[in-house]
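Please look first at the sequence and the model shown below. The paragraphs that follow lead from single residues to the ligand and the core.

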Amino acid sequence: MNVATPLELSEETLRRMLGLATDRIVAFTKDIPNQPVDTSSAMNAAELVLEPIPRDPVDIECLLDDVFDQATRASLNPVSPGFMGYVPGGGLLHAGVADLVANALNRYIGVARIAPALSQMEASVISWFCEIMGYPTSARGFLTSGGSLANLSAVVTARHTKLGDDFSRGVIYVSDQVHHCIDKAARIAGFADTQLRVLPTDSRFRLDAETVADAIEQDRAQGLEPFLLIASAGTTNTGAVDPLDALADLADEEDLWFHVDGAYGGFFRMTERGKAILRGIERADSVVLDPHKSLFLPYGTGALLVRNGQHLKATHSSAADYLPDLQDHDEVVDFCEISPELTRPFRGLRVWLPMKMHGIDAFRDCLDEKLDLANWIQEQIAVLPDIELVAKADLSILAFVVKGSDRHSMNTRTRNLIEFINQKNRVHLTGTRIDGTFAIRIAVVSYRTHLDRMEMLLEDLQDGLRVC
Ligand SMILES: Cc1ncc(COP(=O)(O)O)c(C=O)c1O
């Protein structure tokens, strides 16, 4: 019996859906330069109540209206060229097209035998990332939903490789600037808070190798097992890059797993300046990258690379009778064997497509531009009498405060300034707390941000200083 259900789209309905969505997306994208950066308070929160389960069909056009005209209206706008809060990326639309194609194909990517060439596309993406990081061909890795889960898998891989089953005496070393997802990862991986050694940083928010060496010595004297040193290649707070080469030396001497969280900064290794400041990242046992930050993808893509791919397999491999045969060829990757997921989306395509379409130089040039823009704004604000740069840009994030007679007045003036700038709605900045003082961050990462928007920021900043 052949009974068509409404869930099977007719060609006409499919074409209409795609056409309507395409029209909406094209109009939305054309308008991006004019869109405000923050409309999160545009709707009354009461309008955002949970809806009951839908019973009657609703036409796609109304549903797209709901998404584009209603729900999206109340939001921060990370696709805007003026979005310089947190760590932006912009969201390459190519990845949206790739997701649509990947979802239409709906192929199984966890086991290579089922869709070998498609699995290999993700493996290719990983090998390109390895090349960018200066990793050997024995390195392996996988794409995740973001940096947090990639860091979690790094901690678990380090734990399994260095400590085996009994990790009750293991100690992890991080700086007080490390991303909070590392604390979470350590906890989820089974470590008590007392097994995470959070160390103070120097005047440029970097983790000094001697500080770590002292802590390791003390812990060994207590009979503990130092096993993992985590460095940041671009902290979220101030963009600081730890001295990776010196930390790699220390990890070597002490036989620790050396992990680098390069979620924000790692891809800057494509540029000459980035390569210089990230020197030593190529010596890490593992590196996390976030393509949804400095490779400009839409949210939903992180990556973990591990220098010796065998460690990934030893940590994650697990057999089951109902699975098809897995590969034993070194060149072919069964992602279920080297990562926590079995069924997984075809994430590779959203990276593969834009990289193949444009080639690597387009990404490198874009990152170079971000370094120039961060430098430019830094030079402009460094000469403003009321501003104190508290964190210079190692890469493309910097932080500053407004001067004041005491901490209270500094905090008040700095908060007033960020509010002034954000209310102008041409640029959106976010703040942080540095040694107890409120500071404004500027994160220049989006591929859509160019000099014109930086000039707007400078204008708003100068106007703000006159009144705050
Ligand atoms: C340095 C750093 N590490 C890790 C993360 C967490 O990544 P995600 O938000 O993709 O989970 C971030 C996010 O901003 C980050 O900046």
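**A guided reading of the model**

Tyr-86 counts as partly exposed because 19 other C-beta atoms lie within 10 Å; a residue is buried if 20 or more other C-beta atoms lie within 10 Å of its own, exposed if 12 or fewer, and partly exposed in between, with C-beta atoms placed from the backbone. This is a predicted model, in which local features need pLDDT of at least 70 and side-chain atom pairs count only at pLDDT 80 or more, whereas totals for chains, interfaces and linings use all residues. Residues are numbered from 1 along each chain as its sequence is written. Tyr-86 belongs to the loop between helix H2 (60-70) and H3. Helices (H or I, at least four residues) and strands (E, at least two) are DSSP runs, numbered from the N terminus. The phi angle of Tyr-86 is near 45 degrees, a positive value in a residue other than glycine.

A second residue of this kind is Asp-255, with phi near 55 degrees, again positive in a residue other than glycine. Asp-255 sits in the loop between helix H8 (244-254) and strand S5 (257-262). Asp-255 is exposed because 9 other C-beta atoms lie within 10 Å.

The chain as a whole comes next. The protein chain is divided into domain 1 (11-75), domain 2 (100-359) and domain 3 (361-467), with bounds that come from an automatic or database domain assignment. Taken over C-alpha atoms, the centres of domain 1 and domain 2 are 36 Å apart.

Leu-93 is placed in helix H3. Leu-93 counts as partly exposed because it has 15 C-beta neighbours inside 10 Å. Between Leu-93 and Phe-296 there are 203 residues of separation in sequence, and their C-alpha atoms are 9.6 Å apart in space.

Ala-115 lies in the loop between helix H3 (93-105) and H4. With 16 other C-beta atoms within 10 Å, Ala-115 is therefore partly exposed. Leaving aside residues up to four places away in sequence, Ala-115 touches Arg-107, Tyr-108 and Ile-109; two residues are in contact if their C-beta atoms, placed from the backbone, lie within 7 Å. The C-alpha atoms of Ala-115 and Leu-229, 114 residues apart along the chain, are separated by 37 Å.

Helix H4 covers residues 116-133, 18 residues in number. From first C-alpha to last, H4 reaches 25 Å, close to the 26 Å expected at 1.5 Å a residue; the expected span is 1.5 Å times one less than the number of residues. The buried residues of H4 include Met-121, Val-125, Ile-126, Phe-129 and Ile-132. Against which elements do the buried residues of H4 pack? They pack against strand S1 (140-144), strand S6 (286-289), strand S7 (302-306), helix H12 (335-338) and helix H13 (348-358). Just after H4, Gly-134 takes a positive phi of about 75 degrees.

Phe-129 also belongs to the largest nonpolar core, which has 121 residues. A nonpolar core is a set of buried Ala, Val, Leu, Ile, Met, Phe, Trp, Tyr and Cys residues joined through C-beta atoms within 7 Å. The residues with the most contacts inside this core are Phe-129, Leu-228, Leu-229, Ile-230, Leu-247 and Leu-305. At least three residues of this core come from each of domain 2 (100-359) and domain 3 (361-467). Ile-230 touches Ile-172, Tyr-173, Val-174, Val-178, Ile-182, His-259 and Asp-261, not counting residues up to four places away in sequence.

Another residue that touches His-259 is Ala-284, whose contacts also include Ala-248, Phe-258, Val-260 and Arg-307, not counting residues up to four places away in sequence. Ala-284 lies in the loop between helix H9 (272-277) and S6. Ala-284 is buried because 30 other C-beta atoms lie within 10 Å. Ala-284 and Ala-251 are 33 residues apart in sequence and 9.1 Å apart in space, C-alpha to C-alpha.

Which residues are closest to the ligand? The ligand is surrounded by 13 residues, and the closest are Gly-146, Gly-147, Ser-148, His-179 and Ala-263; a residue is near a molecule if its C-beta atom, placed from the backbone, lies within 6 Å of it. The shell divides into four nonpolar, seven polar and two charged residues. Here Ala, Val, Leu, Ile, Met, Phe, Trp, Tyr, Cys and Pro count as nonpolar, Asp, Glu, Lys and Arg as charged, and the others, Gly among them, as polar.
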